[in-house]
Amino acid sequence: MSRPHLIPGPDHPITVTPADVRVVVRAGEHVVADTTDALALQESTYPVVYYVPLADVDQRLLERTEHSTYCPYKGDASYYSVVTPDRTLDNAVWSYEEPYPAVSPIAKRVAFYTDRLEVTVVSGS
């Protein structure tokens, strides 16, 4: 059975733009990511999601999982858990490694669940 592939439009807009902010992601005392090169994805009326380059993530803290989800606007998402000496945060990070063309700039970037990790956004200068 084929899955729907939907294109963003007036009824469900999605924009991906450079974010003029610094994004710092922490799991307790551990800095998981720190970047000034985030992209802001604004989807419909949902809160903005920041996508961070993998180069700005401490990949030693990431452990790929078997979990995956599908978004008809973005494609297949793969997941990572954040593993620190004190705890494991299951499936707290996701990535669209080969997103649909409408959101292609988020490829090879990761995003973070803000209810599992502390995501701090500092306005640009």
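Where does Lys-108 lie? Select Lys-108 and you are in the loop between β8 and β9 (109-112). Strands here are DSSP runs of E with at least two residues, and helices are runs of H or I with at least four, numbered from the N terminus. Lys-108 is exposed, with a relative accessible area of 52%. Exposed means over 50% relative accessible area, buried under 20%, and partly exposed in between, with a 1.4 Å probe and protein chains only. Lys-108 is not a glycine, yet its phi is positive, about 65°.

Before moving on, note that this is a predicted model, in which local features need pLDDT of at least 70, side-chain atom pairs count only at pLDDT 80 or more, and totals for chains, interfaces and linings use all residues. Residues are numbered from 1 along each chain as its sequence is written, and side-chain values use heavy atoms, with hydrogens and water left out.

**Seven-stranded sheet**

Colour the strands in the order β1-β4-β5-β9-β8-β7-β6. They form an open sheet of seven strands with antiparallel pairing. Two strands pair if DSSP finds at least two bridges between them. β1 (14-18) and β6 (62-71) stand at the edges, each with a single partner strand, so one side of each has no neighbour in the sheet. From one strand to the next, the twist averages 35°. Axes are lines fitted to C-alpha atoms, for helices over the stretch in contact, and angles run from 0 to 180 degrees between N-to-C directions.

Zoom in on β1 and β4 (residues 39-43), an antiparallel pair with five bridges. Pick Val-16; its bridge partner in β4 is Leu-41. Then go to β8 and select Asn-91. Asn-91 also has a positive phi, near 50°, in a residue other than glycine.

**Three-stranded sheet**

Now show β3-β2-β10, an open sheet of three strands with antiparallel pairing. β3 and β10 are the edge strands, each with a single partner, so one side of each is left without a neighbour in the sheet. Here the twist averages 15° from one strand to the next. β2 and β3 pair in the antiparallel sense over five bridges. Arg-26 has Val-31 as its bridge partner in β3.

**Cores**

Show side chains for Val-25, Val-32, Val-57, Val-82, Val-93, Phe-112 and Leu-117. These have the most contacts inside the largest nonpolar core, which has 21 residues. A nonpolar core is a set of buried Ala, Val, Leu, Ile, Met, Phe, Trp, Tyr and Cys residues joined through side-chain atoms within 4.5 Å. β2 (21-27), β3 (30-35), β7, β8 and β9 each supply at least two residues of this core. β2 gives the most, with four.

Centre on Val-82. Its contacts (heavy atoms within 4.5 Å), not counting residues up to four places away in sequence, include Ala-27, Val-32, Leu-61, Val-93 and Leu-117.

Step to Thr-84, in the loop between β7 (75-83) and β8 (88-95). Is Thr-84 buried or exposed? Thr-84 is buried, with a relative accessible area of 7%. Beyond four places away in sequence, Thr-84 touches Ala-27, His-30 and Leu-61.

**Largest pocket**

Finish at Pro-47, Val-48, Val-49, Tyr-51 and Trp-94, which lie nearest the centre of the largest pocket among its 21 lining residues. The largest pocket holds about 450 Å³ of space. On a 1 Å grid over the protein atoms alone, a pocket is an open set of points where a 1.4 Å probe fits, with protein on both sides within 12 Å along at least five of seven lines; lining residues have an atom within 4 Å of a point. Points are joined across faces, edges and corners, and the volume is the space filled by probe spheres set on them. β5 (49-53) is one of the strands that supply at least two lining residues. β5 gives the most to this lining, with three residues.
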